[in-house]
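User: Could we go through this model together? I would like to begin with single loop positions and then move on to the chain contacts and the ligands.

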Amino acid sequence: MSARENSVQKILRVDLSSRNTYTEVLPKEWTAKYLGSRGINARLLFNEVPAGTDPFGTDNILYLGTGPMDGLPTGNGRMSVACKGPRGSVAEGSFGGFFGPELRRAGFDYIAIRGKAEKPVYLFIHDGEAEIRDASHLWDLTTDKTDAALRRELADANVQLRYIGPAAENLVHSSVIMGNINNSGGRAGCGEVMGSKKLKAIAVRGTGRIRVADYPGFIEAYQMFRKRLDLATSRDPWTPVWSTYGAPVLARLFTDIGNLMTRNAQEMRWDEEKATRIGSEVYLDKYVTKGKACFGCPWPACQKLYQIPSGKYQGFKGGNYWAGQPVVFGSLIDNDDLDLILVLSGLCNQYGLDVFHVGYTIAWAMECYEKGILTREDTDGLELTFGCQDKDGLIDLVRKIAYKEGFGELLAKGCSEASKIIGHDSERFCLSVKGQELEGIAERNLYMVALGIAVSEVGPDHTRWYPPYPCNPNLMTKEELSSLGIDLDLRLAFQGRNPEEKGKLLRWFTISRAVIESLPGCVFLVRDTLGFDKRPWWQLFQSATGTALEYSEFLRAGERLMNLDRAFHVREGFGRKDDRVPIRMATEDVPFFNYPRITDDVFNHMLDEYYQENGWDLKTSIPSQEKLLELGLDDVAKSLKDISMESER
Amino acid sequence: MKRIYVIEDLCNGCRLCQTFCSSLKDGVFSEEARIKVIKIPGEERDIPIVDCNGRCLNPVFGDKTPTCVAVCPTGALIWEEQPQAIEKRLQWESARKTHSLFKIVAPWKWPFPWSQVDSDNENIEEKVGKR
Ligand code: SF4
Ligand code: SF4
């Protein structure tokens with residue numbers, strides 16, 4: 001196969017209703033304007049999925065997008081998946097692994113899937129060809145079994161897969177798309193939409209070649225990039241820790257500083273011994289069987305595979321214990337049994353459930369139970385207490401959520417919907433925003449997190465402005481920062497409970513992370529100076545695509561993306577009224593630490609600063625005409641021109 | 001003569017070695033390389049297979065280290081004469097029995113001090129058995 005040039009991006013269009021597939025070349029100028037992956041997905045979504053589209057209807061489109069850096073050793077196999085989500089706004093998420101590079105080697109950069117199949121199908125893409133195949137025999141299989149069955153059927157160890165589990169088939173709230181058994185993506189409901197289309201899986205195999213425009217330039221930029229991320233040369237003490245032990249180290253650190261949501265965030269401090277029992281060190285010592293990484297990752301093993309070594313669940317296998325699970329299946333439900341955490345999160349992966357949905361909704365139900373709002377009659381007899389006495393009952397509850405069975409049917413709706421049904425003021429302790437559960441990161445001690453969670457169009461998603469915790473502000477001088485276009489007082493911006501500069505900081509993080517996710521690349525790789533200095537990626541992008549761009553224009557692509565997301569959001573009727581923190585965070589102080597609740601004054605101050613910096617209307621959050629025109633989004637400006645929204649301040 | 005030696009258990013499957021190697025001749029990235037990381041269906045293993053004397057046409061880091069070894073993040077690839085390769089291998093065997101971190105990364109890749117570094121191979125026989 002001849003080598004494909006890297007500046008041309010191609011989309012495979014699939015209509016499941018008519019069973020048609022065809023290929024289109026995307027406008028060449030889009031590579032400079034939107035880069036790729038998440039950026040191009042957002043552009044396509046805004047163009048092709050008009051306001052009011054039924055998320056589960058034939059006109060909703062599911063996009064899977066790679067981008068010009070995928071398949072190159074810096075793309076980390078990242079891929080964006082996007083659609084109109086079941087909760088009415090953009091649903092977008094990203095996953096790593098190996099699917100993206102394989103798709104590009106097969107000759108495609110994007111897949112856009114519309115329509116609905118009559119019977120379950122899967123899509124098989126191989127070196128420029130696409131076939132829609134019967135998947136009746138795969139329907140209802142868990143993700144691990146789907147993976148094994150497809151690999152047997154396609155008889156190729158190198159085939160890459162994305163699939164849904166029973167949860168998404170049953171349209172369970174927030175279900176995800178899975179791959180490599182343990183990689184999930186698209187928690188805002190992309191799995192649900194895939195399930196509604198009766199698309200069980202996508203398999204891809206490609207043997208093509210990808211040519212970069214300027215190889216020596218690419219290698220030079222790679223050296224710069226790598227130096228900041230290698231364990232030996234990175235000037236960031238978190239680099240070695242993060243890339244091996246991983247984020248579960250935080251559980252133990254966080255309990256001391258009031259960052260660990262405990263018993264549904266009624267407290268922010270957990271018993272230190274409990275936190276230690278579920279930490280990274282124990283995980284690595286007793287459970288980890290092998291380190292894993294995404295395609296081309298410069299780090300040894302941010303992912304790991306595990307097997308439970310002894311006890312009742314001996315032999316249970318899974319992977320990827322990261323920052324979320326120690327919270328959602330640990331402190332949040334007051335469980336210090338790591339075996340149980342790993343079984344619950346492993347089962348979520350097998351059913352294709354979103355661990356955050358499941359964890360937060362169970363924690364909400366436990367608080368209802370504690371308060372007498374739910375009783376054993378409601379829970380099918382399950383003693384649903386914090387501390388998790390009935391472990392097997394809890395394990396079975398996860399299955400019931402995936403199949404919407406018994407008490408599981410209520411929890412399958414997510415805590416926001418469930419609290420509306422149950423009433424009794426239980427929404428006061430449902431920890432969600434825009435119908436989407438939180439992700440385990442404290443808000444009352446970290447105001448930028450509170451703001452970031454509030455404004456995200458897809459619901460709580462910290463990868464949109466990662467990292468939530470202050471980076472080392474000493475690696476770059478104020479002058480260096482300002483030469484990169486960053487006029488921020490970092491010391492002030494990083495003060496956790498000071499509302500000043502949070503809007504500006506969040507704006508920078510949102511724009512720069514949008515850039516990384518559009519190349520694509522992995523937002524975790526922002527250690528050393530990479531959190532603020534995007535020049536290594538800029539040079540990688542230019543040399544890989546042959547697209548010459550000013551640095552400021554490169555970043556502007558991220559701003560364009562941020563505005564496209566907001567434009568889609570307001571076009572669907574969302575606005576300032578929806579950008580908020582969970583009721584608990586706005587009405588209850590943090591006990592023991594005496595951190596105050598996030599008052600309206602504090603919150604509105606940050607929100608105003610953020611909207612103002614973005615050029616968005618303070619009352620509605622609608623991007624201004626000037627801003628959209630300045631970004632070259634004339635068509636978007638036109639379509640938002642007549643949008644009216646009541647003042648929401 | 002220096003050769004490329006492999007510690008299979010440390011390979012995380014990232015394919016940096018294979019991907020960079022594929023590009024050395026003409027700046028085109030593909031699966032075709034002198035080092036290939038293979039998988040066995042149904043098993044969670046990543047196995048680098050090397051068919052090369054380690055003398056790249058164009059090592060990406062500009063020194064004499066083979067590209068694949070230089071880009072490998074875990075230390076799964078070793079570029080040494082045989083006696084040094086044996087020493088490194090034993091160092092890893094010993095380290096992984098001492099600290100679980102070395103299940104996933106080679107001790108010579110870890111930048112912080114850690115207890116009981118066995119670089120001089122003292123007590124090695126106790127830990128890994130008689131050679
Ligand atoms: S030494 Fe160079 S040419 Fe040989 S396998 Fe490694 S990267 Fe490829
Ligand atoms: S670079 Fe190292 S860890 Fe990655 S696949 Fe090659 S041998 Fe394995």
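User: Where is Pro520(A) found?
Analyst: Pro520(A) sits in the loop that runs between helix 21 and helix 22 (535-545) of chain A. Helices here are DSSP runs of H or I with at least four residues, strands are runs of E with at least two, and both are numbered from the N terminus. The structure is a predicted model, in which local features need pLDDT of at least 70 and side-chain atom pairs count only at pLDDT 80 or more, while totals for chains, interfaces and linings use all residues. Residues are numbered from 1 along each chain as its sequence is written, chains are lettered from A and ligands numbered from 1 in the order in which they are written, and side-chain values use heavy atoms, with hydrogens and water left out.

User: Is the peptide bond from Leu519(A) to Pro520(A) cis or trans?
Analyst: The bond from Leu519(A) to Pro520(A) is cis, and its omega is near -5°. A cis peptide bond also joins Tyr466(A) and Pro467(A), with omega about 5°. Pro467(A) belongs to the loop between helix 18 (447-455) and helix 19 (478-483) of chain A.

User: What is the phi of Asn264(A)?
Analyst: Phi of Asn264(A) is positive, about 55°, although the residue is not a glycine. Asn264(A) lies in the loop between helix 9 (250-257) and helix 10 (272-277) of chain A.

User: And what does Asn498(A) touch?
Analyst: Leaving aside residues up to four places away in sequence, Asn498(A) touches Tyr447(A) and Leu492(A), where contact means heavy atoms within 4.5 Å. Its place is the loop between helix 20 (490-493) and helix 21 (502-518) of chain A. The side chains of Asn498(A) and Gln495(A) are joined by a polar contact of 3.0 Å. A polar contact is a pair of N or O atoms within 3.5 Å; within protein, one must be able to donate a hydrogen and the other to accept it, and residues adjacent in sequence count only if both atoms are side-chain atoms. A polar atom of the Asn498(A) side chain also lies 3.0 Å from the backbone nitrogen of Glu500(A).

User: Changing topic: how many residues of chain B are in contact with chain A?
Analyst: On chain B, 39 residues are in contact with 47 residues of chain A. The two chains bury about 3,400 Å² between them, 61% of it on carbon and sulfur atoms; buried area is the accessible area (1.4 Å probe) that two parts lose on being put together, summed over both. In chain B, Phe29(B), Glu31(B) and Ile104(B) lose the most area to chain A, together 19% of what that side buries.

User: How many salt bridges cross that interface?
Analyst: The rule finds five salt bridges across the interface of chain B and chain A, each a side-chain nitrogen of Lys or Arg within 4 Å of a carboxyl oxygen of Asp or Glu. One of them joins Asp46(B) to Lys292(A), with the closest N and O atoms 2.9 Å apart.

User: Which strands are in the open sheet of three strands?
Analyst: Its order is 1(A)-14(A)-2(B), with mixed pairing. Strand 1 (3-5) of chain A and strand 2 of chain B stand at the edges with a single partner strand each, so one side of each has no neighbour in the sheet. Strand 14 (residues 209-211) of chain A and strand 2 of chain B run antiparallel and are joined by two bridges; strands pair if DSSP finds at least two bridges between them. Ile210(A) stands opposite Phe29(B), and Val28(B) is the bridge partner of Arg211(A).

User: Finally, which residues surround ligand 1?
Analyst: The residues around ligand 1 include Cys21(B), Arg34(B), Cys52(B), Cys56(B) and Cys68(B), with a heavy atom within 4 Å as the criterion. For ligand 2, 13 residues surround it, and the closest are Cys11(B), Cys14(B), Arg15(B), Cys17(B) and Cys72(B).
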